[in-house]
Amino acid sequence: MIKRADGRPLPFQLLHAERRQRTDRASPLAGMPDPITGGRIPAPPEDPDVIYINAFYSFEGARPERLIFHPPQDEDGLPAVSIGFMVIDRSVPVTRFSFLKTDTRLAINWTDPWFTAFSNPNLNRSARSGTTSFLYVEPRELRHEVLIRVRELAPWIGQNLTTGARLEPAHQSQILTAALENFAHRNPVSIAGMPSKPALVRGSFLTLGERGFEIVEDAPMLIADTTFVGVILTYPISELPVSASITWDMFDDTIQEVPVTLTDIAGPFLDWGSSEDPKITWTNHLKQYVDPKVTPVEASGIVFVPLLALLAFVLSITAGFVAFRVSEKPLSLVFVVLSTGFLITGLSYSGEKTVPFLSPVSDISKTQIATDAFTRLLANTYVAALEVFPEERKEALEPIVFDAAKADITAELETSLTIQVPGGGRAQIVEITDVVIVQGEMDRRGEFEGVAQWRVEARAGHWGHDHRRRVDYRARVAFRPDKGNWALSAITVLEARSPDV
């Protein structure tokens with residue numbers, strides 16, 4: 001039963017009723033302990049059958065400011081049936097999926113459905129703020145990301161949007177362009193106390209639905225009440241700064257305070273910005289953090305023989321022996337000079353022009369040497385991928401890639417080895433596992449050309465959501481030792497797929 005605030009029931013008309021299968025809204029954590037309440041996260045009943053009812057309640061021409069939802073109860077005042085429910089006010093989700101157990105009061109905001117809410121806060125959706133801010137501090141970049149509802153953005157970009165306003169593609173493009181131009185210079189960011197300008201500004205439209213925020217592209221129509229603009233501003237950094245701050249300057253009658261989530265490798269921290277205290281600061285408290293760098297990969301299991309130096313030493317010894325055996329002084333002196341010259345030549349070439357060979361005393365197999373070498377090269381390749389811009393990524397590859405192959409491997413890194421996430425960002429590789437050589441063998445000079453496969457765990461945070469992906473790769477690779485280190489000469493991805501799909 002649904003009643004007005006004074007207890008008068010609204011007229012009820014049953015339009016349709018039938019048996020249906022329950023919509024699957026089960027949490028993947030169902031049955032596990034809730035870290036906040038200590039109880040168990042509820043799971044749906046085993047019986048999938050439900051009764052679907054479509055009913056109409058009339059306001060009889062008088063719009064109510066409040067409604068009371070009254071579930072069926074038994075003689076003891078307990079719920080007679082289990083009723084799962086959601087409330088949507090003019091396309092805006094008001095609640096998360098909940099169960100109606102007792103009388104529940106709903107306050108309706110006829111001016112803006114975003115502010116319609118139940119008096120019981122546990123029933124309301126988790127996204128309550130129409131404007132939220134996120135500061136991500138990661139290797140090589142600091143990102144300020146903003147989620148702002150189009151209706152709250154409208155006054156700042158010269159728009160006037162009312163309840164139920166529909167946004168056609170041309171209007172969407174106009175709003176997004178104005179939003180990016182606006183945020184490029186609003187809410188200034190300082191890094192280590194120095195004002196900074198974003199090197200890259202990008203954005204997308206998102207809609208809030210039953211399952212949370214979803215990025216939308218090329219939508220033929222959007223509703224202003226449920227549409228958000230997500231903005232991402234990128235600030236490249238060479239290393240983690242001692243501090244970073246945002247000074248929020250967009251406050252009005254609607255935006256009176258802004259929740260800000262500060263995220264580094266230690267986890268997210270919540271703060272608030274307001275007109276009285278608009279500055280939000282992240283401070284670097286990471287004591288044992290090691291900034292990832294691309295480093296040369298030592299060619300383990302390989303010996304480097306300086307052939308020219310060895311030849312010079314042999315000639316030096318031979319000339320010295322001849323000088324010792326020759327009885328004629330002038331001729332002996334010639335061989336002494338030759339021996340000395342060869343010795344000096346050998347010493348000068350002792351550290352260069354070496355030729356690699358597999359170590360004859362190593363107890364590690366050629367396959368294991370190749371697997372270990374490629375694993376370390378791959379890990380460094382993904383470190384280079386942390387750089388914000390393509391040219392910087394190309395430069396970062398220098399210690400582990402031959403100059404002749406740098407352009408091709410950089411192109412592969414930009415395309416096939418990159419994992420894109422919603423919002424247009426690039427995921428970071430947090431773990432590389434299951435590296436296997438499936439075809440090819442290392443020759444006696446340490447050169448390898450064949451097929452390898454591996455798995456990566458990738459992560460990216462955007463607008464408060466943690467995106468994780470697992471991808472299996474199969475690629476043709478080539479590498480060989482050079483000047484004491486392993487270096488890639490080719491990598492071509494043959495297959496990339498998610499093992500979970």
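Which residue lies over the face of Y136? Select Y136 and look above the ring: R143 is there, at 4.8 Å from the ring centre. A charge sits over a ring if NZ of Lys or CZ of Arg is within 6 Å of the ring centre and within 35 degrees of the ring normal.

This is a predicted model, in which local features need pLDDT of at least 70, side-chain atom pairs count only at pLDDT 80 or more, and totals for chains, interfaces and linings use all residues. Residues are numbered from 1 along each chain as its sequence is written, and side-chain values use heavy atoms, without hydrogens and water.

**Stop 1: W114.** Select W114 and R125. The charged end of R125 sits over the W114 ring, 3.8 Å from its centre.

**Stop 2: L106.** Go to strand 9, residues 104–107, where L106 lies. Strands (E, at least two residues) and helices (H or I, at least four) are DSSP runs, numbered from the N terminus. L106 has 5% relative accessibility, so it counts as buried (buried is under 20% relative accessible area, exposed over 50%, partly exposed in between, with a 1.4 Å probe and protein chains only). Beyond four places in sequence, its contacts (heavy atoms within 4.5 Å) include F69, V87, T116 and F118. Draw a C-alpha to C-alpha line from L106 to T116: it spans 7.4 Å, for ten residues in sequence.

**Stop 3: aromatic pairs.** Rings of Phe, Tyr and Trp (its six-membered ring) pair if their centres lie within 6.5 Å; planes under 30 degrees apart count as stacked, over 60 as edge-to-face and the rest as tilted. The count comes to eleven aromatic pairs. Select F69 and F118: this pair is tilted, 5.6 Å centre to centre, with 55° between the planes. F69 is in strand 4 and F118 in strand 10, 49 residues apart. Both are buried. Next, select W454 and Y473. Their ring centres are 5.4 Å apart and their planes at 20°, so this pair is stacked. W454 lies in strand 30 and Y473 in strand 31, 19 residues apart in sequence. Ring pairs also link W454 and Y473 into a cluster with F374, F448, F479 and W486.

Stop 4: I437 lies in strand 29. At 14% relative accessibility, I437 is buried. Among its contacts beyond four places are T367, A370, T371 and F448. Now select helix 5, residues 366–384. Its buried residues include A370, T371 and F374.

**Stop 5: R90.** Which loop holds R90? R90 is between strand 6 (88–89) and strand 7 (92–93). Its phi is near 50°, a positive value in a residue other than glycine.

Methods. The expected span of a helix is 1.5 Å times one less than its number of residues.
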